[in-house]
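This report walks through one protein model, from the overall fold to a helix pair and then to charged side chains. Keep the coordinates open while reading.

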Amino acid sequence: MSLMKQTEAGTGRKVSEARERLLRTAGQLFYAEGTHTVGVDRLVAESKVTNATFYRHFRSKDDLVVAYIGSVDQAIRGQIGSLMAADQPADGILRGIGASLVEQIRSPGYRGCAFLNAAAEYPAPDHPVHRAVVQHRDWYLETITGLFAETSDAPAEHAGRHFVMLRDGAMSAGYLGDPVQAGETLLRGIEGLLRIHTGRGPDEDTAATPGPAPSVTTTVTGIECAPPPA
């Protein structure tokens with residue numbers, strides 16, 4: 001067996017390394033430039049693999065895009081799952097997710113939500129990429145709604161949907177407009193949702209006085225809708 005075949009078709013570990021390298025490179029390029037503008041030839045060149053290796057792991061570029069969306073989805077599921085398993089109240093997790101989103105919105109290279117970007121590029125509801133985005137959003141809504149349900153006996157469906165809409169708006173506004181204002185609005189919105197859902201009265205000083213967003217007592221890092229830096 002030649003050295004090339006040993007590297008590309010030999011042990012499972014080496015094959016996995018090539019796949020992960022392709023997926024990591026694709027994640028960075030797809031997020032920064034969009035999926036439609038990045039071709040297979042460029043992915044192969046920048047990943048330092050061959051065309052044969054690419055098609056051994058992915059039947060098409062669309063198959064790679066689905067894997068890219070899946071990798072971001074799994075990272076978020078793991079991060080939130082770890083927080084939910086820790087000794088932390090549900091309202092603290094919700095505030096922490098908001099704080100992490102604000103950090104992401106203000107970070108260099110931020111280009112919006114990877115899921116919303118992919119859905120815009122693949123609008124057909126029956127396309128595998130679009131379905132992967134919808135599956136993630138269904139899980140995310142269910143998870144956020146479950147966290148609100150832990151904070152009060154009141155029905156949590158409205159609060160969950162409102163949180164996701166706030167998040168979508170903040171991530172879009174942070175890319176297209178002022179990221180600082182988008183982040184402050186998101187945090188204020190989360191505080192308002194928690195007040196309403198738990199039946200607490202409004203904070204008159206906060207409501208009447210313009211200024212920075214309410215302080216976040218629990219900061220959770222790493223809850224992102226974008227691939228990690230290279």
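## Overall fold

Take contacts in the protein chain between residues at least 6 apart in sequence: 72% of them join residues at least 24 apart. The model is predicted. Its secondary structure comes to 11 helices and 0 strands. From the N terminus on, the elements run α-α-α-α-α-α-α-α-α-α-α.

The protein chain has 230 residues. Of these, 43% count as buried.

## The α8 and α9 pair

Helix α8 covers residues 128-151, and helix α9 covers residues 157-176. The two pack at an angle of about 125°. Their axes are 8 Å apart. The crossing of α8 and α9 is right-handed.

Which residues meet across this contact? From α8 come Arg-137, Tyr-140, Leu-141, Ile-144, Thr-145 and Phe-148. From α9 come Glu-157, Ala-159, Gly-160, Arg-161, Phe-163, Val-164, Arg-167 and Asp-168. By class, the residues of the contact divide into 7 nonpolar, 2 polar and 5 charged.

Buried or exposed: which describes Arg-167? Arg-167 counts as buried, because its relative accessibility is 2% and the cut-off is under 20%. Asp-168, at 14% relative accessibility, counts as buried too.

## Other salt bridges

Side chains of opposite charge can pair when their charged atoms come close. How many salt bridges does a search of the whole structure find? The search finds 9.

Arg-77 forms one with Asp-73. The closest N and O atoms of this pair are 2.9 Å apart. Both residues lie in helix α5, which spans residues 61-85. They are 4 residues apart, about one turn of the helix.

Arg-19 forms a salt bridge with Glu-20. Here the closest N and O atoms are 3.7 Å apart. The pair counts as a salt bridge because the cut-off is within 4 Å. Arg-19 is partly exposed, with a relative accessible area of 29%. Glu-20 also counts as partly exposed, at 38% relative accessibility.

Some of the charged residues form a network. Glu-33, Arg-42 and Glu-46 are linked in a network of salt bridges.

## A backbone point to check

Lys-48 has a positive phi of about 60°, although it is not a glycine. Where does Lys-48 lie? Lys-48 is in the loop between α3 (40-47) and α4 (51-57). Lys-48 is exposed because its relative accessible area is 68%, and exposed means over 50%.

## Recap

The chain is built from 11 helices and 0 strands. The α8 and α9 helices cross in a right-handed sense, with axes 8 Å apart. Arg-167 is buried, and so is Asp-168. In the loop between α3 and α4, Lys-48 has a positive phi and is exposed.

Note on methods
Residues are numbered from 1 along each chain as its sequence is written. This is a predicted model: local features need pLDDT of at least 70, side-chain atom pairs count only at pLDDT 80 or more; totals for chains, interfaces and linings use all residues. Side-chain values use heavy atoms; hydrogens and water are left out. Axes are lines fitted to C-alpha atoms, for helices over the stretch in contact, and angles run from 0 to 180 degrees between N-to-C directions. A crossing is left-handed if the near helix is turned anticlockwise from the far one by less than a right angle, and right-handed if clockwise. Contact means heavy atoms within 4.5 Å. Ala, Val, Leu, Ile, Met, Phe, Trp, Tyr, Cys and Pro count as nonpolar, Asp, Glu, Lys and Arg as charged, and the others, Gly among them, as polar. A salt bridge is a side-chain nitrogen of Lys or Arg within 4 Å of a carboxyl oxygen of Asp or Glu. Buried means under 20% relative accessible area, exposed over 50%, partly exposed in between (1.4 Å probe, protein chains only).
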